[in-house]
Amino acid sequence: MKDPYVEKAKQMNYRCRSAFKLLEIDNKFHIIRPGEVILDIGAAPGSWTQVAVERANLSVFNKKFKGVIISVDVLPFEPIAGATALIRADITKLETVEKIKGLLGPRLANCILSDMAPNATGIKHLDHDSITNLCYHVLKLSSLISEDGGNILMKAWDGGNISKLEKEILKTYEIVRRIKPKSSRQDSAEIYLLGQHFKRQHVL
Ligand SMILES: C[S@@+](CC[C@H](N)C(=O)[O-])C[C@H]1O[C@@H](n2cnc3c(N)ncnc32)[C@H](O)[C@@H]1O
């Protein structure tokens, strides 16, 4: 059976079908706004960055908004016009965090996206732990670089760690949501955790 999202991605020039997961979530929750600073972690091959560029760099009511989009991945990928690519950069390494801070300068991030997936072993609980660990790295980073009121969206694989992770998100974000987009393969454990309204005064 042909995957309709693969076909649609080709037609719309998105680098992969993942674009539709972000489009679906953003259409509902409006986490990427014109002129904002967006960090896309685990960005290769780049379809989320394409969506972020489209939505953060926009003309609204005759005013032009130009956002700042930074895309990070351990793998190399073709740069996307309108975004800065940080390639061969592992988010779990301090040097990557420093590079991101350097690129941001005095700005803070309005939205942090992570569609990162570790290399899966096929052993469910190990893979669940690995992706949860990546989420904690992203959450820790968010405390350093998020703008008040900002949002965070992270891919996870459903399992026993999720409730605790949601509680951790709620320490610095007002709302947490567990989302399974229609465009996410229904037979996969993939879910997304969305934290909304970052509260800087809650950072310890
Ligand atoms: C599912 S893909 C992302 C797809 C992307 N959102 C898109 O729309 O094109 C997951 C990505 O996470 C990256 N990744 C995994 N671990 C990482 C890490 N520690 N630091 C940075 N990127 C990582 C992988 O290299 C891979 O490219």
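Is alanine 44 buried, partly exposed or exposed? In this predicted model, alanine 44 is partly exposed, with a relative accessible area of 26%. Buried denotes under 20% relative accessible area, exposed over 50%, and partly exposed the range in between (1.4 Å probe, protein chains only). Residue numbers run from 1 along each chain as its sequence is written.

The protein contains 6 helices and 9 strands. These elements are DSSP runs numbered from the N terminus, with helices (H or I) of at least four residues and strands (E) of at least two. The radius of gyration is 16 Å, close to the 17 Å from the globule rule for 204 residues, so the protein is as compact as a globular protein of that length. That radius is taken over C-alpha atoms, and the rule is 2.2 Å times the number of residues to the power 0.38. The C-alpha trace spans about 50 × 50 × 30 Å along its principal axes. Of the 204 residues, 48% are buried. Among contacts (heavy atoms within 4.5 Å) with a separation of 6 or more, 66% join residues 24 or more positions apart.

The largest nonpolar core holds 30 residues. Such a core is a set of buried Ala, Val, Leu, Ile, Met, Phe, Trp, Tyr and Cys residues joined through side-chain atoms within 4.5 Å. Leu39, Ile41, Ile100, Ile112, Leu141 and Ile145 have the most contacts inside this core. Elements that each supply at least two of its residues include strand E1 (37-41), helix H4 (94-104), strand E6 (109-114) and helix H5 (124-145). H5 gives the largest share, 6 residues. Beyond its neighbours within four places in sequence, leucine 39 is in contact with Ile70, Val72, Ile100, Cys111, Ile112, Leu113, Leu141 and Ile145. A second, separate core has 25 residues, including Ile38, Trp48, Ala56 and Leu113. In soluble globular proteins, nonpolar side chains tend to be buried together.

Alanine 44 sits in the loop between E1 and helix H3 (47-56). Proline 45 is found in that loop too. A cis peptide bond joins alanine 44 and proline 45, with omega about 0°. Residues up to four places away aside, alanine 44 touches Asp73 and Phe77. The C-alpha atoms of alanine 44 and glutamate 78 are 8.3 Å apart, across 34 residues of sequence.

Tyrosine 5 belongs to helix H1 (residues 4-11). Its relative accessible area is 21%, which is partly exposed. Neighbours within four places aside, tyrosine 5 is in contact with Arg17, Phe20, Lys182 and Ser183. From tyrosine 5 to leucine 141, the C-alpha separation is 32 Å. Lysine 99 lies in helix H4 and is partly exposed, with a relative accessible area of 45%. Its C-alpha atom is separated by 9.0 Å from that of alanine 89, 10 residues apart along the chain.

Note on methods. This is a predicted model: local features need pLDDT of at least 70, side-chain atom pairs count only at pLDDT 80 or more; totals for chains, interfaces and linings use all residues. Side-chain values use heavy atoms; hydrogens and water are left out.
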